[in-house]
Amino acid sequence: VPTDQSRRSCVIVSSAPQQFYLLLGNLMSPDNGIRKQSEETYDGIPGQNKVTFLLQAVRDATGTEEVKQMAAVLLRRLLSSSFEEIYPGLTVEMQTAVKTELLASIQTEASPNIRKKVCDIAAELSRNLVGDDGNNQWPELLKFLFDSVNSQDVSLRESALHIFWNFPGIFGNQQQHYMEVIKRMLVQCMQDQENPQIRTLAARAAASFVLSNEGNTPLLKHFSDLLPGILQVVNESCYQADDSVLKSLVEIADTAPKYLRPNLEATLQLSLKLCADTNLNNMQRQLALEVIVTLSETAAAMLRKHTAIVAQIPQMLAMMVDLEEDEEWAMTDELEEDDFDSNAVAGESALDRIACGLGGKIVLPMIKQHIMTMLQNPDWKYRHAGLMALSAIGEGCHQQMEAILSEIVSFVLLFCSDPHPRVRYAACNAIGQMATDFAPTFQKKFHDKVISALLQTMEDQTNPRVQAHAAAALINFTEDCPKSLLLVLEQVVTSIASVADTAEEKFVPYYDLFMPSLKHIVENAVQKELRLLRGKTIECISLIGLAVGKEKFMPDASAVMQLLLKTQTDFNDLEDDDPQISYMISAWARMCKILGKEFQQYLPVVMGPLMKTASIKPEVALLDTQDMENISEDDGWEFVNLGDQQSFGIKTAGLEEKATACQMLVCYAKELKEGFVEYTEQVVKLMCCPLTPPVRVRVAAAESMPLLLECARVRGPDYLTQMWHFMCDALIKSIGTEPDSDVLSEIMHAFAKCVELMGDGCLNTEHFEELGGILKGKLEEHFKNQELRQGEDPYHAYKEKVLPWFEQLMPLIVQLICPSRPWADRQWGLCIFDDVVEHCSPTSFKYADLFLRPMLQSLVDASPEVRQAGAYGVGVMAQYGGESYRPFCTEAIALLVGAIQAAESRSKENVNATENCISAVGKVMRFRPECANVTEILPHWLAWLPLNEDKEEAAHTFDFLCDLIESNNPIVLGPDNSNLPKIFLIIAEGVANESVKSEDACSKRLANVVRQVQTSGGLWTQCISSLNEAQTKALQSLLSSA
């Protein structure tokens, strides 16, 4: 009576095949979800059942090739990984059935591919059935081998050889008994003239047998007469595009080189012949070279005796010349993946290994003259190869090269100024390698020449890859630099910082090369004479962090912060003129930009020294001529002649550090926002002090005001108002007294931002009167001396309330937009009227006669800045102006379209103006559709998107685009949604260029558009397939953040 368990097994066996075939198909599914679920189901099937099902699937004549192949792979894998857990548990009948079925399958299977996989299963099973005593428990398989190898059926001979190749230990303890039979079998098959595939399999099987008996010297000797046959098949098969036997020869060279001794000359001759044959593919030529290189490592003594053959090894140099011209080379980050498979890289690696294997006594005399000849070749590829060869042989030929190092270095340095960038790159490579191979002698003897040449090479701005390699060579040079030479590092570190700052994200591939050494310098350069070096290194690390970005820098961020904190903790012990102070202050600010909110925790340590530096008060004095005779400018004083034999003197020591510190405070306020609130009060008091030189301090003070208000918001309206009262008077006073027009522009801009932030009511009548008087005076002065730059006006918050004050200035503002005025005046005047229209409409129309005609004319102005101001004006008229502006909007449309479609409209100098025109057209269609032929213009407008430069206007265009999509506008969506791929491209570009930000309202709307398409499989695939990798990532970012 069967048990419940056996009944269940019977049910599974009888009902499983169809379900199991389905499962095998799903295991190959491209869908990750289906595949993962199928793997879990497969793993849950008991092992003994798996054997049954898999064997049934392999043997099923009606099964598809893919399913049978999958079943064969899984069965072999099962026997390999779980033999002991599964096979002994099968009944004897079942074990016998498995063996019988496998042999039957080999004999009847029509597909060569499946048959080969079944042979692999048989070999795996046999491997597990050879017991510890060496007894093979599957004698039927041995009989099958002998019968098959003598069969007239070629496929059976192939199968026998394949099984023997896969498991050459198949004869177990009977191997010695069958030795002659095995040898005869292999010789016979290698001489099969009619079937090259039999010869190839026999040679591979012979190599496999040799490798499995590598320690059996008598056996290797007995089988040595098979080697000429193997070599003959190596040669034949290579020209049949089959390198499998050549790979076996490489394995023999690696594992059983003594087997090659009787035929070593023939082996080397064949390898050199194949290596030199350009008709073969690169991989075959490199494998042939690998035979020689491997023998130089595993059998160097044997190889050295064949000096005539070894003398032909400079063929490797010929492979190193196999380079291609590549216009993009100078700008790419580093070696491409396929570069590692190139003949040039293979030849270089081979030369390195042969030099180490055979030694410099043999290698250097053999190739020195070849290299020198190559370095004088007019073809850059030969010069490149010669320099890379010098890099490669340094370690192996150390002793011999050291004797002529001076001559080699002088020669190599000449190539740092070679006309070809890739030769300069190779020269840097050679220097960097020699710095490692010959340290510290190299550094002591050649530091002057080497550092000078590399620093000069690092100035090569047009070839970032050469720059970076020169910097890498400098790092190699300095790692083993004697302490007495460490000061040269200051130049090195500054140069690396400069390259990182220029290269930005392109520096990422070089990050791991430089960062460990730079951290090492900060940790160890603690002596007083190395303060400047340490400061510059701190600056360099922070610049690199900023260049490569948070993701790449974060693994090192903690260690770098600890180093900086340690320096900061010792700050109180530093002298006031310690050069590390200013570098530290700047580095902290960069770390803040990198870490963002995570930087807040470090403020208590950072702010003390920063405020101390920012609070430096300049020493000033009123001096007569006699006093000045006792003080010179060399003492750190600067003088302004006041006439009447009097001068105003300012001692400049510390002022640059003060300016830097003030700029860093601005950075903290900008990056940390409410996280900086604890420090706003003391910073406001510092920044509102009577304005002092230099200019950078005053600019930073102005820039900080709106940012500090933003930080203080978190403390509530009372605190904010109190802070504003403190700032307001200081700002208005500065507007009246600031002598520098550029600084004045910054102060006015900051003042306008503050007013916008504080809103209606933050300015009283006295403020307006004082400002009105100041600005009127500035405008009058402007018409006299043309110095004042564009300022800002607080219309945003006060709207119509500001108009009476504005009207007092009206005659002067109208003068600004006269056609005869310079473009900067016309731009400024139009911007003022833009603000009036935007914030004071519809009342603004009463001034229309003064500015409408100049604004229309501005749309065709030669100056892009004027066109931009005019286009912005059209947009705000459509959006805010009201009915009165309708005729003007209608007239403007044709001019805007003309400006957009003009030649060079997207050039660097024109793009901002053009994007404002595109935005203005969108605003007219959106807010005043009656003023434009929307049906005609809308397809063009869609084609002009996205806007990449003007982020503010880009946001307007995306809002309008959302309106159009959400209303299912047929023109925008196109017939059968055919425009959606274009719309996806616009959205993806917008996100990638940060024109769409996660905090923007339209980002959620755009994400919803994308999600709706996501539910439609075919349409989604079509939209996604048109995007590149960066655009796809941008879309994913939008979906995850919105």
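**Exercise 1. Pro440 and its peptide bond**

Task: find the loop in which Pro440 lies, then work out which residue a cis peptide bond joins to Pro440.

Solution. Start with the place: Pro440 sits in the loop between helix 24 (421-437) and helix 25 (441-457). Helices here are DSSP runs of H or I with at least four residues, strands are runs of E with at least two, and both are numbered from the N terminus. One housekeeping note: this is a predicted model, where local features need pLDDT of at least 70, side-chain atom pairs count only at pLDDT 80 or more, and totals for chains, interfaces and linings use all residues. Residues are numbered from 1 along each chain as its sequence is written, and side-chain values use heavy atoms, with hydrogens and water left out.

Now the bond: Ala439 is the partner, and omega of the cis bond between Ala439 and Pro440 is about -5°.

For a second case, go to Leu945 and Pro946, whose peptide bond is cis with omega near 0°. Pro946 belongs to the loop between helix 47 (934-944) and helix 48 (951-966).

**Exercise 2. Positive phi**

Solution. Take Ala241 to begin with: its phi is positive, about 60°, although it isn't a glycine. The cut-offs are under 20% relative accessible area for buried, over 50% for exposed, and partly exposed in between, using a 1.4 Å probe and protein chains only.

Then Lys673, another non-glycine with a positive phi, this one about 50°.

Leaving aside residues up to four places away in sequence, Asp243 touches Met283, Gln284 and Leu287; contact means heavy atoms within 4.5 Å.

**Exercise 3. Two helix pairs**

Task: at what angle do helix 10 and helix 13 pack, and at what angle do helix 14 and helix 15 cross?

Solution. Axes are lines fitted to C-alpha atoms, for helices over the stretch in contact, and angles run from 0 to 180 degrees between N-to-C directions. Helix 10 (residues 196-212) and helix 13 (residues 244-255) have axes 9 Å apart and an angle of about 15°. That makes helix 10 roughly parallel to helix 13, the class for angles under 35 degrees. Their crossing is left-handed: the near helix is turned anticlockwise from the far one by less than a right angle.

Who does the touching? On the helix 10 side it's Thr200, Ala203, Arg204, Ala207 and Leu211, and on the helix 13 side Ser244, Val245, Ser248, Glu251, Ile252 and Thr255. By class, that contact has five nonpolar, four polar and two charged residues. Nonpolar covers Ala, Val, Leu, Ile, Met, Phe, Trp, Tyr, Cys and Pro, charged covers Asp, Glu, Lys and Arg, and the others, Gly among them, are polar.

Next pair: helix 14 (residues 264-276) and helix 15 (residues 282-298) cross at roughly 145°, and their axes come within 7 Å. This crossing is left-handed as well. Among the contact residues are Leu264, Leu268 and Leu272 of helix 14 and Ala288, Leu289 and Ile292 of helix 15. The contact between helix 14 and helix 15 divides into eleven nonpolar, two polar and one charged residues.

**Exercise 4. Ser919**

Task: is Ser919 buried or exposed, and with which side chain does its own side chain make a polar contact?

Solution. Locate Ser919 in helix 46 (residues 911-927). Its relative accessibility is 2%, so Ser919 is buried. Not counting residues up to four places away in sequence, Ser919 touches Leu947, Glu953, His956 and Thr957. The polar partner is the side chain of Glu953, at 2.5 Å. A polar contact is a pair of N or O atoms within 3.5 Å; within protein, one must be able to donate a hydrogen and the other to accept it, and residues adjacent in sequence count only if both atoms are side-chain atoms.

Note on methods. Parallel < 35°, antiparallel > 145°, perpendicular 65-115°, else oblique.
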